[in-house]
Amino acid sequence: MTTMPAVDTFWLSCLGYFEKELSAQQFNTWIKPLRLDSSNDASEPILVAPNRFVMQWVKDNFLSRIELMAEKYFAQSIRFQLMLAEHVSAKTPLSPSNSAVTAAFQPPADVDTPAVSLRKVPGDPKEKNPSRLNSSFTFNNFVTGKANQLARAGAIQVAERPGVAYNPFFIYGGVGLGKTHLIQAIGNFVLEHNSAAKVRYIHSEQYVSDVVKAYQHKAFDDFKRYYHSLDLLLIDDIQFFGGKNRTQEEFFYAFNALIEAHKQVIITCDSYPKEISGMEERLISRFGWGLTVAVEPPELEMRVAILLKKALLENIVLDENVAFFIAKHIRSNVRELEGALKRVVAYSRFTGHSLSLDLAREALKDLLAVQNRQISIENIQKTVADYYKIKVAEMYSKKRSRIVARPRQMAMAISKELTPLSLPDIGEAFGGRDHTTVLHGYRKIAELRASDPAINRDFNTLLHILRG
Amino acid sequence: MKQLLLDIAPSPPPTLANFVPGRNIELLQTLSNVVAGLERERFIYLWGGAGCGRTHLLQAIAGICMRRKMNVAYFSCAPETEFIASSEPHCVTVDDVDRLNAKAQISLFNLYNHIRDEGHALLLVSGPAAPAQLRLRDDLITRLGWGLVYQVHELSDEEKIKAMKCHALGRGLDLPQEVCDYLLRHGRRDLPSLMATLDALDSFSLANQRKVTIPLVRELFQAVS
């Protein structure tokens, strides 16, 4: 005898079926607002409708189909009850699993509720970690290179002399470059040397949400008292304040109060202060009072160092060659770099083979294939023109002498190989040429590669350069 | 005219066991490890084209967690989806992340940060492309790429044929090679559609008491169109 699958699982597949079967509007109006409550008795599950109108419509139009599906699914007849939300909540409390699952299918009751309403009130004395710092972010495990050495030096000075050295300390740079790590390292350092210090790390989005909550609960006094009483305020991704005037006003007062009291303010942002859109001028000018430093994307050596450090922390034996291979191909940011390392390690565990260059290449092949597809046609034209020492403009010119036509054909063939563009699009990028010209170029190069080793070598070298 | 059950038969519940792995064996192993508590990584992003099986895998994981009475939040993304959990979740699955509008992306960004900093949940997200190719906020994209990222490879035609034959065998259906080829040439080629067609073909062949042949498939297609 087989056990009966959970009604929850059936309902998931049922939702999937209706989503495919009905128009989006129909699905969103009638099916999506339904909530399954199977907590009382699995043989008579309850579908909870938000109002009478939906309930009646579902009863008339969908209930028999749901029951028919259930009959096939469970190989026995199942009846569903339809009920109004208010009746159910009075009757049976929802089990935690059901309520969470259905959260996805229900419009939120209160649109102003913060997205994850699980956080505690700021300054709540019962909080286990009032600073909200992640203790794993320290200066010791922060890898330094040309890209961030100035930011790190500034951060250490601020950590050693908070409120004195540079106030505010403003760090800006692209995503995934270690800004959060650096400022949390300051917070952890300060707490380590003065456990009584009142430190608070907050993401700007959460600050915005706290302002909204304080406004709704008329609790601005508490809000102000808390933020103005801090010794160190670390505020992450301040670009989220853009266009939010009420938040900026509150922050302005908090900022002034802290700076006047020689308490340290540390800010991160994705751009230089003057370039933050929707930010008040008076705040922008204040951001420049202390020290403003940039973090740049890490250079190759630093990327290798980051990987080796990460491996060391995780007790992974990582050969430098493998680290170099990953670092060479993953160039944009530290998060992606760490993600790639995880992938290689997972693959090594899966295959039971040690971390080698070949294994890394195999593990990252999907990711690298995606990168190859991202190579632009302009990049190909420039690389090929440089390689053959001709001007990039010759790629679009009408000249047909072999000295420019051959490199142009080479660039066309490589464009076909490395980009997903159609032949007419490639032709267009080469001075508005016809797609048959592209095809001819591609065939010509294929033919030459087969007969002339030098051309074949050129082709492979160019592919290698372009793929990084 | 005979009524066809094709329209209303739901697919069997998605599980890891009934996912045809093809080139996704490593991914399947990783997901099995995740639910068995053998994988430390809590953030997983799956990507692949339509019909590759992303939703199947997300629902399979959500289903396993639900059967264990865990607190599960399953989000099938719409532009306005808000990531609200009524209590601390154990497992959050987010399907089709690319559909989120600007506000919803911030909502997911917050949820991610919350889970990373304070929660212990598994966060399983899916999208149609690798993180770097998604048209979403950079700070969200880099977070999706921070965990384990897997491409869900669609099955090749040969693998689809193998899966169809295996499915047919389970139903006691004799499925000739030429019918497989025909279905792949003339019908929808994603696996769920192929399986649904096979189920319909099985019922149709029983109802008409005829063997499964290309003419029978043609009649079925005509009957349902």
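**Exercises on a predicted model**

T180(A) touches Y201(A) and D236(A), leaving aside residues up to four places away in sequence, where contact means heavy atoms within 4.5 Å. This is a predicted model, in which local features need pLDDT of at least 70 and side-chain atom pairs count only at pLDDT 80 or more, while totals for chains, interfaces and linings use all residues. Residues are numbered from 1 along each chain as its sequence is written, chains are lettered from A and ligands numbered from 1 in the order in which they are written, and side-chain values use heavy atoms, with hydrogens and water left out.

**Exercise 1.** Determine whether G176(A) is buried or exposed, and state what it touches.

*Solution.* Begin with the location: G176(A) lies in the loop between strand 4 (169-173) and helix 8 (179-193) of chain A, helices (H or I, at least four residues) and strands (E, at least two) being DSSP runs numbered from the N terminus. Next, its relative accessibility is 7%, so G176(A) counts as buried (under 20% relative accessible area, with exposed over 50% and partly exposed in between, for a 1.4 Å probe and protein chains only). Finally, G176(A) touches N333(A), V334(A) and R335(A), residues up to four places away in sequence not being counted.

**Exercise 2.** Describe how helix 19 and helix 21 of chain A are oriented to each other.

*Solution.* The axes of helix 19 (residues 402-418) and helix 21 (residues 435-451) of chain A come within 8 Å and cross at roughly 100 degrees; axes are lines fitted to C-alpha atoms, for helices over the stretch in contact, and angles run from 0 to 180 degrees between N-to-C directions. The two helices of chain A are therefore roughly perpendicular, the class for 65 to 115 degrees.

How values were computed:
Parallel < 35°, antiparallel > 145°, perpendicular 65-115°, else oblique.
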